[in-house]
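Welcome! Please open your viewer, get ready to select residues by chain and number, and follow along stop by stop.

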Amino acid sequence: MNLNEIIKITNEVLVEEFEIEASTIKGEANFRETLDLDSLDYVDLVVFVEENFKVKLTAEDFQTVITFDDFYNLILRKLNE
Amino acid sequence: MSKWSGRSKGFVFGYQIFILFIKKLGVPAAYLLLYFVVPFYYIFLYKARKSLYVTFKEIPELKYSNLKCLIFKNFFNLGKTLVDNFAILTNNKSKYSYVGNGEKYLIDLINKSQPAILISAHIGSWNIAGELLKEKGGMINVVMYDGEVKKIKRLVEKDIGKSNYNIIEIKDDLSHLFKIKNAIDNKELICIHADRYIEGANTITARIFDKKVHLPMGPFVIASKLNVPYSFVFCFRESIYRYQFSATKPELSSDPQIIANEFAEILSEKLSKHPEQWFNYFNIFENK
């Protein structure tokens with residue numbers, strides 16, 4: 001799976017799950033602020049990534065995620081591990 | 001309820017004295033010691049007394065007429081339950097027995113290696129329930145706040161030995177959510193108390209005795225989002241060395257509100273029956 005496919009799948013799910021406009025999702029935008037994430041939303045994110053990409057995320061992984069690009073790249077990196 | 005700091009009352013040194021009594025003189029001697037300790041707590045823990053008073057006033061058809069006596073009895077029962085918990089952890093387990101209601105559901109989960117969320121409250125003693133499940137071969141993870149964990153860890157490491165459960169600390173870095181997920185992936189059981197939350201936490205509303213209460217949202221969201229069965233588990237002290245265990249049939253729901261409503265209903269029932277074992281010293285009816 002390449003980065004563009006990851007971005008497409010991720011954005012589709014985020015728009016639906018977090019009820020935000022697709023136009024607000026930009027690579028350099030702040031991930032947490034744009035999605036207005038609270039602690040329990042991470043449960044959704046972990047489940048979404050696991051179901052769609054078959055990879056597991058850890059708390060440490062999320063510490064490196066600032067922007068949407070970071071999130072896409074995290075999934076790509078996990079897929080390639 | 002919103003004012004809980006995530007830390008429990010009591011001093012490690014005090015606990016150590018009780019453990020020493022249990023080890024050297026036995027459980028009844030430790031109960032006797034409570035006659036000196038409980039009045040101290042009864043006098044000085046005004047907020048806890050007040051919270052109990054407010055809570056008990058909401059219970060319809062309360063079987064106790066004197067609330068002051070009931071509150072004292074409650075404090076005393078907390079002491080006895082703590083003594084029992086320590087006794088079980090210090091090789092006195094064989095003295096304890098229980099009558100079970102619904103234990104077959106949990107044994108089934110363990111035998112089928114089916115992960116589940118066991119939702120409980122600060123009423124009675126879940127530690128006894130944990131012991132029962134461990135006997136049956138289940139791996140139990142108890143989710144608790146950092147302030148509680150440190151105290152218990154110190155005790156366990158210094159005076160008791162090996163704990164009968166794995167502790168998952170609730171931390172700001174959210175690592176607990178991932179640990180819970182991992183435990184579920186490993187087909188283990190997760191025990192969470194769902195009657196108390198700390199300031200700033202997400203809550204869900206439900207009704208207890210037809211009054212609106214705020215409950216922590218986490219346990220209900222986790223059970224619904226991770227699509228694992230949940231069961232409401234309680235364990236009450238009946239008499240010396242004897243406990244009564246109950247577990248509801250495991251259910252699945254994708255709606256946290258449904259789970260919260262069911263929990264509130266069963267908690268109302270348990271609180272009506274066992275106010276003397278309600279150990280949540282925060283006013284659950286307080287507005288957020």
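## Stop 1: a histidine and its neighbours

Select B:His274: leaving aside residues up to four places away in sequence, this side of the tour begins with its contacts to B:Ile123, B:Phe236 and B:Gln244. Contact here means heavy atoms within 4.5 Å. B:His274 sits in the segment after H10 of chain B. Is B:His274 buried or exposed? With a relative accessibility of 15%, B:His274 counts as buried. The cut-offs are these: buried is under 20% relative accessible area, exposed is over 50%, and partly exposed is in between, using a 1.4 Å probe and protein chains only.

Before you move on, a word about what is on your screen. This is a predicted model, in which local features need pLDDT of at least 70 and side-chain atom pairs count only at pLDDT 80 or more, while totals for chains, interfaces and linings use all residues. Residues are numbered from 1 along each chain as its sequence is written, chains are lettered from A and ligands numbered from 1 in the order in which they are written, and side-chain values use heavy atoms, with hydrogens and water left out.

## Stop 2: a buried tryptophan

Now select B:Trp278, which is in the segment after helix H10 (256–273) of chain B. Helices are DSSP runs of H or I with at least four residues, strands are runs of E with at least two, and both are numbered from the N terminus. B:Trp278 has a relative accessible area of 0%, so it is buried.

Which residues does B:Trp278 touch, not counting residues up to four places away in sequence? Show its partners, among them B:Leu52, B:Phe56, B:Asn74, B:His122, B:Asp195 and B:Ile284. B:Ile123 is one of the residues touched by B:Trp278, and you have already seen B:Ile123 beside B:His274.

Next, show the backbone of B:Asn280: its oxygen lies 3.2 Å from a polar atom of the B:Trp278 side chain. A polar contact is a pair of N or O atoms within 3.5 Å; within protein, one must be able to donate a hydrogen and the other to accept it, and residues adjacent in sequence count only if both atoms are side-chain atoms.

Then try a distance in your viewer. From C-alpha to C-alpha, B:Trp278 and B:Tyr42 are 15 Å apart in space, although 236 residues separate them in sequence.

## Stop 3: a patch on the surface

B:Leu32 belongs to helix H2 (residues 27–44) of chain B. Its relative accessibility is 54%, so B:Leu32 counts as exposed.

## Stop 4: chain A as a whole

Buried residues make up 44% of the 81 residues in chain A.

Within chain A, select A:Glu12 and A:Lys8. They form a salt bridge, with the closest N and O atoms 3.2 Å apart. A salt bridge is a side-chain nitrogen of Lys or Arg within 4 Å of a carboxyl oxygen of Asp or Glu. Both residues lie in helix H1 (residues 3–17), 4 residues apart, about one turn of the helix. A:Glu12 is partly exposed at 47%, whereas A:Lys8 counts as exposed at 54%.

## Stop 5: where the chains are joined

Bring chain B back and select A:Glu50 with B:Lys181. Their salt bridge has its closest N and O atoms 2.8 Å apart. A:Glu50 lies in helix H3 (residues 41–53) of chain A and B:Lys181 in helix H8 (residues 175–185) of chain B, so the pair joins two chains.

Keep the four residues selected: salt bridges that share partners join A:Glu50, A:Lys56, B:Lys181 and B:Asp185 into one network.
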